[in-house]
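Hi,

Here is the structure I promised to pass on. Have a look at it first, and then read on for my notes on its packing and its aromatic rings.

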Amino acid sequence: MGYRKLAMWVSLVLMILSLVGLYTKGLNLGIDFTGGTIVELSYEEAADVDGIRNGLQVGGFEQVVVQNFGSAEEVLIRIAPVDGLDSAQISNQAMDTLREHHSDAFELRRVEFVGPQVGDELTEDGALSVLYALLGVLIYVALRFEFRFSIGSVAALVHDVVITIGVFAWTQAQFDLSVLAALLAVIGYSLNDTIVVFDRVRENFRTVRDGTPEEVTNLAVNQMLARTLMTSLTTLVVLLALFFLGGEIIHNFALALIVGVVVGTYSSTFIASSIALALGVSKEDLMKPVKEGVDATAQEEELNRIFLEQEAAREAQEASKSGKGK
């Protein structure tokens, strides 16, 4: 927590840069959002998806998605709209390009056109899905902990989403439905880290007698830091494998998750708790309310008992480590 002011400034700068990138460069929306032509092909043998994609790109179809569809011999190709060409002309040119730059051992199964109005609907639904997720988090954390904690958690999630989208704006990596799914996964992942830290903050506020809210929060964050880092590092190992070895289809999906996990780990450590402290959360906000019919002195004695038990356990652990060191 000693670095929280510096971290807040760093986050503010990153978010401003992300918003500037969105405003000046925009997102490189995929065919899912822009519409386009869908072509289904059937090959005699297992299709070379990478070869088909490279052949189409060499022929001038830069925005194209190629993937297996149902079996290794079936291929689904999605091509972005081309100015001045209708769906039939685009599909014919794509077939000619494949015959020239790849292979002619295929059979055309179907050609469909997806209009831009479908892409607009997907864009709206995608934005609403992120908004509903953030609203659900706000309600959940407010009920589970305290309203100021819910503000901190949602602010951290917005921070993660904006920076991740900013990376896609500046790099112009294609933003499609798989990336949107990755953003929702980032929200869930980052929230999990934040909830674990908040749970320890609440526990320490109830049991640690001395110390300011900043000191108690700092203790909680440091107690959970090793767990947070190990969880993130093991997740990153899998995501890096997907990024480098998973193929073109999930490349941007893995990129979004990698950025989201790194930024989410940072925000759950520095941002969420810092915002809760800035809003004035204190021990009194997280103490259990006195129940009707229960003597306040008895409740205080119960809290003292819990505190003494934790202190005894901590001293026993330190004594055990000291004995092993000798």
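Which residues touch the most other members of the largest nonpolar core? They are Val137, Val141, Phe149, Phe168, Phe175 and Ile187, in a core of 52 residues. Please keep in mind that this is a predicted model. Two or more residues of this core come from each of helix 5 (116–144), helix 6 (147–171), helix 7 (177–207), helix 8 (213–245) and helix 9 (251–278).

Leaving aside residues up to four places away in sequence, Ile187 touches Val130, Ala133, Leu134, Val137, Leu157 and Val161. There is also a second, separate core, with 18 residues that include Val39, Ala47, Ile77 and Met95.

Now for the rings. Searching the whole structure turns up five aromatic pairs. One of them joins Phe168 and Phe175: the ring centres are 6.1 Å apart and the planes stand at 90 degrees, so this pair is edge-to-face. Phe168 counts as buried because its relative accessibility is 0%, and Phe175 is buried too, at 7%.

Tyr266 and Phe270 form an aromatic pair as well, this one tilted, with 5.4 Å from centre to centre and 40 degrees between the planes. Both residues lie in helix 9, four residues apart, which is about one turn of the helix.

Best wishes

Definitions and conventions:
Residues are numbered from 1 along each chain as its sequence is written. This is a predicted model: local features need pLDDT of at least 70, side-chain atom pairs count only at pLDDT 80 or more; totals for chains, interfaces and linings use all residues. Side-chain values use heavy atoms; hydrogens and water are left out. A nonpolar core is a set of buried Ala, Val, Leu, Ile, Met, Phe, Trp, Tyr and Cys residues joined through side-chain atoms within 4.5 Å. Buried means under 20% relative accessible area, exposed over 50%, partly exposed in between (1.4 Å probe, protein chains only). Contact means heavy atoms within 4.5 Å. Rings of Phe, Tyr and Trp (its six-membered ring) pair if their centres lie within 6.5 Å; planes under 30 degrees apart count as stacked, over 60 as edge-to-face and the rest as tilted.
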